[in-house]
Amino acid sequence: FVDACVDQAKVLGVTLPDPELKWNEARGHWDFGPIDWDEFWRVVGGDGPCNRERLAARGVLTPVAFAGDASTRRWVTKPDDGAGAVDTQIHADLSAARDLAGPTAVIEPWVEGAAMSLSLLCRLAHFELLCVNRQQIAVDGQGRVSFEGVAIDREASLHSDAFERVAREVVRAIPGLRGFVGIDLVWHEGRGPVVIEVNPRLTCAYLGLSAALGRNLAAELLHG
């Protein structure tokens with residue numbers, strides 16, 4: 001795989017960011033440095049500046065767009081590889097968030113609105129928006145955020161065009177999404193859907209979804 005990537009990089013005229021990359025004449029292959037698997041899986045899980053840049057280039061609204069907004073009051077810190085609101089904390093302002101954030105924490109504006117998610121079935125040539133979900137998010141008196149469940153939002157048809165558009169833009173912005181994909185978002189009263197995270201994996205919303213939709217999603221994922 002690395003051998004093929006090196007050849008492709010030469011054709012494209014780009015430099016691979018590995019100072020230990022060198023040709024091994026005895027092996028007939030390229031040697032490379034240790035792989036940072038923690039970073040790898042963080043990016044696979046939806047983190048990383050490139051994902052945010054891709055989303056922004058497609059016109060997808062994310063919390064980054066609220067960073068300079070005068071209406072932004074609260075900020076949130078969370079692990080860059082977190083799930084289920086674990087170690088997620090709301091702060092009164094950006095200064096407080098920076099003071100209390102860990103070295104690998106994500107700091108971003110807290111977007112006010114209804115916490116929701118989209119469940120997608122992605123295939124090579126197209127995607128299907130399976131359902132829109134309402135997330136049950138609680139915040140205690142100290143600003144600690146907890147995830148308390150998720151259920152299909154039966155009233156989401158009111159904004160179906162907007163959800164379909166966001167799903168399409170995300171799939172276009174992150175090529176190669178396959179299988180079950182969850183998109184966490186907040187419905188902002190003034191600006192509509194704001195994408196918080198893209199999770200290219202099974203999420204809590206998958207549980208019970210086959211029964212709710214009357215479909216064998218596991219079989220569709222395996223044969224899709």
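Visitor: Why is W23 called partly exposed?

Guide: W23 has a relative accessible area of 42%, and partly exposed is the class between buried, which is under 20% relative accessible area, and exposed, which is over 50% (1.4 Å probe, protein chains only), so W23 is partly exposed. This is a predicted model, in which local features need pLDDT of at least 70 and side-chain atom pairs count only at pLDDT 80 or more, while totals for chains, interfaces and linings use all residues. Residues are numbered from 1 along each chain as its sequence is written, and side-chain values use heavy atoms, with hydrogens and water left out.

Visitor: What makes W30 count as buried?

Guide: The relative accessibility of W30 is 17%, and because buried means under 20%, W30 falls in the buried class.

Visitor: Where is the place of D153, and why is D153 called buried?

Guide: D153 belongs to the loop between β8 (145-152) and α5 (160-173), where helices (H or I, at least four residues) and strands (E, at least two) are DSSP runs numbered from the N terminus. Its relative accessible area is 12%, so D153 is buried.

Visitor: What joins the side chains of D153 and R134?

Guide: A polar contact of 3.1 Å joins them, the term being used for a pair of N or O atoms within 3.5 Å where, within protein, one must be able to donate a hydrogen and the other to accept it, and where residues adjacent in sequence count only if both atoms are side-chain atoms. With residues up to four places away in sequence not counted, D153 touches M116, V132, N133 and R134, contact meaning heavy atoms within 4.5 Å.

Visitor: How do you know that the reach of α5 is close to the expected one?

Guide: The expected span of a helix is 1.5 Å times one less than its number of residues; α5 has 14 residues, and its reach of 20 Å from the first C-alpha to the last is close to the 20 Å expected.

Visitor: Which residues of α5 are buried, and what puts them on the same side of α5?

Guide: The buried residues in α5 are A162, F163, V166, A167, E169, V170 and A173. They cover an arc of only 165 degrees around the axis, and so are on the same side of α5, the arc being that of the directions from the helix axis to the C-beta atoms. On the face of α5 turned away from this buried side are the exposed residues D161 and R172.

Visitor: What makes F163 count as buried?

Guide: F163, found in helix α5, has 0% relative accessibility and therefore counts as buried. Residues up to four places away in sequence aside, F163 touches M116, L118, L129, V132, A156, L185 and W187.

Visitor: Why is S117 called buried?

Guide: S117, placed in strand β6 (residues 114-122), has a relative accessible area of 4% and is therefore buried. Leaving aside neighbours within four places in sequence, S117 is in contact with residues including C131, V132, V150 and I183.
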